[in-house]
Every structure is written in structure tokens, then in C-alpha cells.
Amino acid sequence: MSNAATIAPQRAFGKGRLVAKAAVGRTRIAELYQEGCAKIRLPKTFDSSMEAVLINSSGGLTGGDRMDWEIEAGPATELTVTTQACEKIYKASAGTVEVATRIKVAAGARVDWLPQETILFDRASLTRSLDVELDGDATLLAVEAVLLGRKAMGEVMQAGLFRDRWRIRVDDRLLHAENLTFADDIAALVARTAILRGRVAFATLFYTGPDCEMLLPQLRTLIDTEAGGGVSHIQIAGRDKLVGRFAAADGFSLRKTLIPVISHLRKQKTVPKVWVL
């Protein structure tokens, strides 16, 4: 009888790092690093900005997998970061998926963090973090959307774990912090009126820049509060921020709300091309 040790399942690991610099009137690569299943592609743009597409070549994540992304925008750069597709988090037999994103935005720079939706399957387990450091006059737009299963496919996330942690600092001072946890009987949590009222698609939006107050009136006209959305304007130590919350019956309905909102905050610049269905 064999006494061979049990071989642990192989886990996905990826680490990607992109540093952008301003040179010859455009945003250009200063540093690009890829390891494991993390890939970064830079499609051609027709203005002075840069667009980066993050790719997980493993095709999805499950318990024990880890992805690390580091983005740094140098002074006077403009960088949009998105993902090739929705990130799928599958049922975990053991362990938790860990996804960590760290972003630095220097003086006079702007980063739009616009990944496509994260899809959580039944019994998925995900811990995710977003840590951002901004210099005083830097601009940040960050949107994270989550789908609790794909409604068109008849999928329902009954149970599992989802932890989401955001920390955003300006000149080492905390500007925004939030922690979200869905655990155990997620279907029951989602059904509660005070949480999602049965809607399985939701998103958080954060924006900070010198034009927050100017953008706010039209932004509110784009959001249907009855359908499940709202935005707050908050000032902390002289720094403005906009925080939006959105919920919808499915991913398509959520996108119909998010896309015009994102376009408005990008000064009518549309969402990245990879978002097109």
C-alpha cells in the first residue's frame, strides 16, 4: 500500500506592477512587471493618456489563489486601469481567494480604476483590498462592481464569504475607509430590505478631485434613486469626495446606470473598450 504524501492542489498566483511617467507630452511606461498568471496589456490610445488592461490568465480564482496588483501614476500622468473580463470567483473547497490592489497617484496625476465586475459563484470565498495613496491634488475615480451569481444563467450565491476593504489616503491622511462583509447565509442577507432587497448586482463608486462640487448636480440627475442608487458629497479636512452606492436586479441593469455616471466623471470620455458587451 502506498505511503506517498498527498499532493496539494496547485494554486494560482499572479503579481503585476505598472508605473507610468509623463514624457514627450504623453503618459508612458516607466516600469512593467508581470509574474505568474498576472498579465498587463497596454492598448493603443489616441490621446495623451494610457490605458492598462489587467489579465488573469488562469481563467478564474478559487480558494488559496492570490493576485497582487500595483499601479503607480507619476506626476502629471493620466492612467485608466481596467480588466480584460469579469473576474470569476468559483466555489472554494478550502481556503480563500486573496486579491490585493495598491495604487499610488502623484501630484497632478489621475487614475481611473475601472475593473469589470467580480462574479461570485455559490460557496465562493474572497477577501479583497484596495489601498490608495494620493498626493494633494491627485484625482482618483474608483468603481468596483459585484455580481452574486449570473442571473441569466440561473445562478444564485446561497452561501460563502466576501470581504472587501478600502483605504484611501491623501498626503498620508485617511480620506476614506470602508469594510464590507457578506458571510454564511448570503442569500438571506441579500433578501433583507435594508441590505440589497433581493438585488444581486451592486457597486461602490468613489471620486475625489478638485471638481467634485461642480460635477455633483448633473451626477445626481443620472442616478435613479428609486431604482437603487445614490451619491454623497463629503468634505474632510478641505478635501472633497463623492461616494456612490448602486444596486440592481442583474449585471446588465447595473451597467446601464454605471456607464453614464462613469462617463460624466470622466468628462464624457466613455468606458474602456473592453467593457463593451
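Modeller: Happy to! Seven strands make up an open sheet with mixed pairing, in the order β2-β1-β5-β8-β11-β13-β14. Strands here are DSSP runs of E with at least two residues, and helices are runs of H or I with at least four, both numbered from the N terminus; two strands pair if DSSP finds at least two bridges between them. This is a predicted model, where local features need pLDDT of at least 70, side-chain atom pairs count only at pLDDT 80 or more, and totals for chains, interfaces and linings use all residues. Residues are numbered from 1 along each chain as its sequence is written, and side-chain values use heavy atoms, with hydrogens and water left out.

Colleague: Which residue of β2 is the bridge partner of arginine 17?

Modeller: Strand β1 (residues 13-23) runs antiparallel to β2 (residues 26-36), and 10 bridges join them. Within β2, the partner of arginine 17 is tyrosine 33.

Colleague: What phi does valine 24 take in the hairpin of β1 and β2?

Modeller: Most residues other than glycine have a negative phi. Valine 24 has a positive one, in a hairpin with two residues between the strands, and its phi is near 55°.

Colleague: Is alanine 76 buried or exposed?

Modeller: Alanine 76 sits in the loop between β5 (66-73) and β6 (78-83), and has a positive phi of about 60° although it is not a glycine. Buried means under 20% relative accessible area, exposed over 50%, and partly exposed in between, with a 1.4 Å probe and protein chains only. Alanine 76 has 54%, so it is exposed.

Colleague: Where does arginine 197 lie?

Modeller: Arginine 197 also has a positive phi, of about 55°, without being a glycine. At 47% relative accessibility, arginine 197 is partly exposed. Its place is the loop between α1 (186-191) and β15 (201-208).

Colleague: How many disulfides does the structure hold?

Modeller: A disulfide is a pair of cysteine sulfur atoms within 2.5 Å. Cysteine 37 is buried at 8% relative accessibility, and cysteine 212 is buried at 0%. The number of disulfides in the structure is zero.

Colleague: How far from cysteine 37 is the nearest cysteine sulfur?

Modeller: Cysteine 37 is in no disulfide. The nearest cysteine sulfur belongs to cysteine 86, at a distance of 17 Å.
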